[in-house]
Amino acid sequence: YNQQQYAGYYGAQAQATGMQRQATPYGISGPTPTPTDMTNGEPGKTACNTLYVGNIADSAGESQVQNLFASQPGFYTCNYQARPGKPPFAFVQYMNATFAQNAKKALEGWPVNGKAIKVTYARSEMKPRSLMPPVSSYLPPGSVPHNPYNMCTIYITKLAMNTSEKQITKVVRDQPGFVTMHFTKNLPPKSSFVFAKFADPESAGRALTTLSSRVVNGKTFKVTFAKSEMKTAPTPNRAIL
């Protein structure tokens, strides 16, 4: 993807959240990373695509931590944990170990709400559904997310428990290039989910961007590219019965 485009946006986002180090064309300024010494002096640690972030100020919220690490190229996802009586921490995953190494070198010791964060390699890599690019909450408005496998199918989850198939169908089929979808209704505490197929990868990307900001029954969708295509022939404008 265009690293200059995304990194410039991410840098601006980091500054907007009170993180004052100067932005550069490839993210927030920091030591220039090299491909050698991937473990950065961490004995017994193996470089991987996942970082552990500790020493986070109690007053720092999830969005602050997430936006900071999203400022670095290759960002994928952030799992932030804040439990009662315990200091917050986070696991941050990048598209590969080299991106993680660069982010580690750039952000180790970064002050967030007056406290320098500590960044190390995680003991093991996070295991998300698939290593796909970030969802639209980290993208400039109107942009299309990077789609490295040219997927035409998106996966929608985190639906409100009272969301019906009729409601989600109306929202999804209004997206340009829509072909078909499959809705699976789960009982609490599991969330229902949807696979939706579009006529081409660009239409799927635009739908992902649009739907990631949609709120139905008080809850915002979580949308990613699917791991594999729906086994349905692409027939644009196919109606759902």
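Author: A nonpolar core is a set of buried Ala, Val, Leu, Ile, Met, Phe, Trp, Tyr and Cys residues joined through side-chain atoms within 4.5 Å. The model discussed here is predicted. Its largest nonpolar core has 25 residues, and L51, I56, F69, Y94 and I117 have the most contacts inside it.

Reader: Which elements give two or more residues to this core?

Author: They are β3 (50–54), α2 (62–70), β4 (75–81), β5 (89–94), α3 (97–107) and β8 (118–121). The largest share, 5 residues, comes from α3. Another core, of 21 residues, lies apart from the largest one and includes V171, F183, A196 and A204.

Reader: Why is C78 called buried?

Author: Buried means under 20% relative accessible area. C78 has a relative accessible area of 8%, so C78 is buried.

Reader: Why does C152 count as buried?

Author: The cut-off is again under 20%. The relative accessibility of C152 is 12%, and therefore C152 counts as buried.

Reader: How many disulfides are there?

Author: A disulfide requires a pair of cysteine sulfur atoms within 2.5 Å. By this rule the count is 0.

Reader: Where is S71, and why is S71 called buried?

Author: S71 is placed in the loop between α2 and β4. Its relative accessible area is 0%; the limit is under 20%, so S71 is buried.

Reader: What is the order of the strands in the open sheet?

Author: This sheet of 4 strands has the order β10-β11-β9-β14, with antiparallel pairing.

Reader: Why are β10 and β14 called edge strands?

Author: β10 (178–184) and β14 (222–225) each pair on one side only. Neighbouring strands of the sheet are turned by 20° against each other on average, direction ignored.

Reader: How do you know that β10 and β11 pair?

Author: Two strands pair if there are at least two bridges between them. β10 and β11 (residues 193–198) have 6 bridges, so they pair, in the antiparallel sense. F183 stands opposite V194 in β11.

Reader: Which helix packs on the sheet and touches β9, β10 and β11?

Author: Helix α4 (residues 165–173) does, and its direction makes about 155° with that of β10. Helix α5 (residues 201–211) lies across β9, β11 and β14, at about 160° to β14.

How values were computed
Residues numbered from 1 in each chain as written. Predicted model: local features only at pLDDT ≥ 70, side-chain atom pairs only at ≥ 80, totals over all residues. Heavy atoms only, no water. Axes fitted to C-alpha atoms, helices over the stretch in contact; angles between N-to-C directions. Contact = heavy atoms within 4.5 Å. Buried < 20%, exposed > 50% of the residue type's maximum accessible area, 1.4 Å probe, protein only.
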